[in-house]
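User: I have a model open and would like to go through it with you piece by piece. Could you show it first?

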Amino acid sequence: MPRTLKIAHLSLDSPFLLAPMAGFTDYAFRRICRRLGAGMVFTEMASVEGLRRRSPKTLHYLEAGKEEKPVSAHLYGADPAAFAEAAAVAESLGIFDLIDINTGCPVPKITRRGAGTALLREPEKIAGIVRAVRSAADLPVTVKTRPGAVPGHPRIREVLRAAEDGGAAALIIHGRWARDRHGGEADWEIIGEIGEEAGIPVIGNGGIASAADALDRLRRYRVGGVMIGRAAIGNPWIFTEAGALLEGRPFIPPTPAERFRVIAEHLEVLARSKLEEARIRGRDPAGAGNAACREFYGHLVGYLYGIPGLGELRRKIAHLPDPETLLAAVADLLKV
Ligand SMILES: Cc1cc2nc3c(=O)[nH]c(=O)nc-3n(C[C@H](O)[C@H](O)[C@H](O)COP(=O)(O)O)c2cc1C
């Protein structure tokens, strides 16, 4: 069983990767996950149309830092030419190690434009997009996808062939059918089958609830890596634990003080990023701290899950106007 995962020339130091999640996997969270053991991290979804125009808003979605490398730019779109231009811009930023193409987002706002899972109907277009990106940039390309639109009608073999024909370095499969969005079970049997058939590494994703689950999927199915999404929200230590399990080392769960340090770092980096976003969008910078608190809410509930007093903090949270006040309340709750 592999302990490292190789994608093109990149040797990852762990086969457990952080999934791209819009609204969650920003720079602040990714750098924490990477430090705590994720083998690679993916940006939030960025539009190729925005990126080719160097739209400040899109570039902000792609804010990244060298401490999180290897980091992949996760892009969505429908047009191979736009992908090519966007890939060249992504490469010129000088920070990304890889470009990942979204063919797995089932949200109508995206599929209406022919992007995300709409591309599952046009595998030859996926091949064209991969080819276009490869010819425009020197970075390895991966494709993130689904088994198909509806259960029982797999398109994944055509997508695998398209990815391989286009020259992709790996295929990432979220094992839920597009119709099921993020609910129901992920079909790991089909992920495993494609892993057997593929000539490139396959990374499996979907339904990992714990480090033990991640190791189980890596052991049971023919995958080079396992990608973790929601289970990492509030628990970036899942990567440390999965790595420890894989290598037979003990895992020491975070102390309340360590938990607090990570929460504080996350919120501080997020607040800095919100300040920059306010500047880009011409908003009042005075609101940036509050915007960071609001965006942090989903993470915070995850970080504090199961800790007595969280219910009360949740009721108060709307009235905690800035990161300092919020952190003081969290310190109180964690008794640090
Ligand atoms: C809030 C949220 C946002 C997501 N955004 C994206 C995205 O932008 N691009 C993408 O390919 N997948 C996206 N996903 C899907 C995840 O990458 C992953 O495939 C999915 O959550 C299954 O993994 P999990 O069961 O471990 O959470 C998102 C999922 C969630 C929950």
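**Strands, helices and the ligand shell**

Analyst: Strand β8 (residues 141-145) is joined to β9 by four bridges, and the two strands run parallel; two strands count as paired if DSSP finds at least two bridges between them. Helices (H or I, at least four residues) and strands (E, at least two) are DSSP runs numbered from the N terminus. This is a predicted model, in which local features need pLDDT of at least 70 and side-chain atom pairs count only at pLDDT 80 or more, while totals for chains, interfaces and linings use all residues. Residues are numbered from 1 along each chain as its sequence is written.

User: Which residue stands opposite Leu171 in β9?

Analyst: That is Val143.

User: And how many residues of β9 are buried?

Analyst: Five of the five residues in β9 (residues 170-174) are buried, where buried means that 20 or more other C-beta atoms lie within 10 Å of the residue's own, exposed means 12 or fewer, and partly exposed is in between, with C-beta atoms placed from the backbone. Ala170, Ile172 and His174 point one way from β9, whereas Leu171 and Ile173 point the other way. In a regular strand the side chains alternate between the two faces of the sheet.

User: What about β10, which residues are on each side?

Analyst: In β10 (residues 202-205), Val202 and Gly204 lie on one side and Ile203 and Asn205 on the other, and all are buried, so that both faces are covered. β10 pairs with β9 in the parallel sense over four bridges, and Gly204 is the bridge partner of Ile173.

User: Switching to the ligand, which residues come nearest?

Analyst: Ala19, Met45, His174, Gly229 and Arg230 come nearest among the 23 residues around the ligand, a residue being near if its C-beta atom, placed from the backbone, lies within 6 Å of the molecule. The shell divides into ten nonpolar, ten polar and three charged residues; Ala, Val, Leu, Ile, Met, Phe, Trp, Tyr, Cys and Pro count as nonpolar, Asp, Glu, Lys and Arg as charged, and the others, Gly among them, as polar.

User: Now helix α14, which residues are buried there?

Analyst: Pro323, Leu326 and Val330 are the buried residues of α14. They lie on the same side of α14 because they cover an arc of only 65° around the axis, the arc being that of the directions from the helix axis to the C-beta atoms. On the other side of α14, Ala328 and Asp332 are exposed.

User: What covers the buried ones?

Analyst: The cover includes α11 (256-281) and α12 (288-303). After α14 comes Lys335, whose phi is positive, near 55°.

User: How many residues of α1 are buried?

Analyst: Eight of the nine residues of α1 (residues 27-35) are buried, among them Tyr27, Phe29 and Arg31. Their cover includes β6 (71-76), α10 (238-247), α11 and α12. Gly37 follows α1 and has a positive phi, near 120°.

User: Last one, His60: what does it touch?

Analyst: His60 touches Glu276, Glu277 and Ile280, not counting residues up to four places away in sequence, where contact means C-beta atoms, placed from the backbone, within 7 Å. His60 lies in α3 (residues 56-61) and counts as partly exposed because it has 19 C-beta neighbours inside 10 Å. His60 and Ser273 are 213 residues apart in sequence, yet 8.6 Å apart in space, C-alpha to C-alpha.

Methods. Two residues are in contact if their C-beta atoms, placed from the backbone, lie within 7 Å.
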